[in-house]
Amino acid sequence: MGKGGSLSEGVIKKILLSYTYVAIWIFLSFTVIVYNKYILDKKMYNWPFPISLTMIHMSFCAALAFLLVRVFKLVEPITMSRDVYLSSVVPIGALYSLSLWLSNSAYIYLSVSFIQMLKALMPVAVYSIGVSFKKETFKTDTMVNMLSISLGVAIAAYGEARFDTWGVILQLGAVVFEATRLVLIQILLTSKGITLNPITSLYHVAPCCLAFLLVPWIYVEYPTLRDTSSFHLDYVIFGTNSLCAFALNLAVFLLVGKTSALTMNVAGVVKDWLLIAFSWSVIKDTVTPINLVGYGLAFLGVAYYNHSKLQALKAKEAQKKVPNADEEANNRLLEAESDGREEK
């Protein structure tokens, strides 16, 4: 088939690779969520210490990130001054530690399916906080879309069979802290030209998270762990769990690097539906019709939000191409005039 055949084969290969990255990310994200639920749930593994679990993850990820960056030098390190670290990374690390602590705590009180439904509020939180920090422009149609997502989640919450107020507060708190972290990354790092991939992010942020989590751990979980002898960890369980958490960060690096952040958002919606199905069919969590109607409405709102973001990105790229095209046309015109003068 010649060149046409090789081109089509290249396109097919690229598509297959993209789907492979998506599948790997969905699998690992799915695995980490279900694994964390298994460890923390009192009816399963019964180790309800979310701060300790988060600290184990951060210790493992920080150690592996250090090896990849400093020892094996497989990832290029990011040079950062002490002032930038204290003013930018430390606040982000504090928010990340709170987000992880609260989200892991929610698994003790809520079903996996309902947690995924509550996470649909993430675009609402990111947009609202972005507007308050003047990183997003307020638009009426976008706010209406945000309200439709919120309404969908509210309907899903109304139909939840195992509704737990404290669990909902924890998960909503995790959403707010994570959304604030994402906005602050734009303000404190991206605006300064500092771009962290998941590995360099863990290298800089994980030790900071450990420091912040140590204080509540000493007062909240350490006394219980000491009295119940729960320090005797199953290294297979916690080792594989931490490895999955680190592999998930690598998968994010691959997915965003080889496709786009928007692809990850769309894949996230697919993952949420799979988790809801898994939670209902395997874990035997109760998923009511009202749950599904509410989440369906929220899902449509999130899908529309992602679509709007994609259109905005396309419009931005098109605007960038127009000046370039004008510049090329002017260059050609100048060249033509120059050639004309030479001929004379």
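Buried means under 20% relative accessible area, exposed means over 50%, and partly exposed falls in between, with a 1.4 Å probe and protein chains only. This is a predicted model, in which local features need pLDDT of at least 70, side-chain atom pairs count only at pLDDT 80 or more, and totals for chains, interfaces and linings use all residues. Residues are numbered from 1 along each chain as its sequence is written, and side-chain values use heavy atoms, with hydrogens and water left out.

**View 1. Trp273 and Tyr295.** Trp273 sits in helix α11 (residues 261-281) and Tyr295 in helix α12 (residues 289-343), so the pair ties together parts 22 residues apart in sequence. Helices here are DSSP runs (H or I, at least four residues), numbered from the N terminus. Trp273 is partly exposed at 31% relative accessibility, while Tyr295 is buried at 3%.

**View 2. Trp273 and Phe299.** With centres 5.7 Å apart and planes at 80°, the rings of Trp273 and Phe299 also form an edge-to-face pair.

**View 3. A ring cluster.** Tyr38, Tyr45, Trp47, Phe49 and Phe238 are linked into a cluster by ring pairs.

Conventions. Helices (H or I, at least four residues) and strands (E, at least two) are DSSP runs, numbered from the N terminus. Rings of Phe, Tyr and Trp (its six-membered ring) pair if their centres lie within 6.5 Å; planes under 30 degrees apart count as stacked, over 60 as edge-to-face and the rest as tilted.
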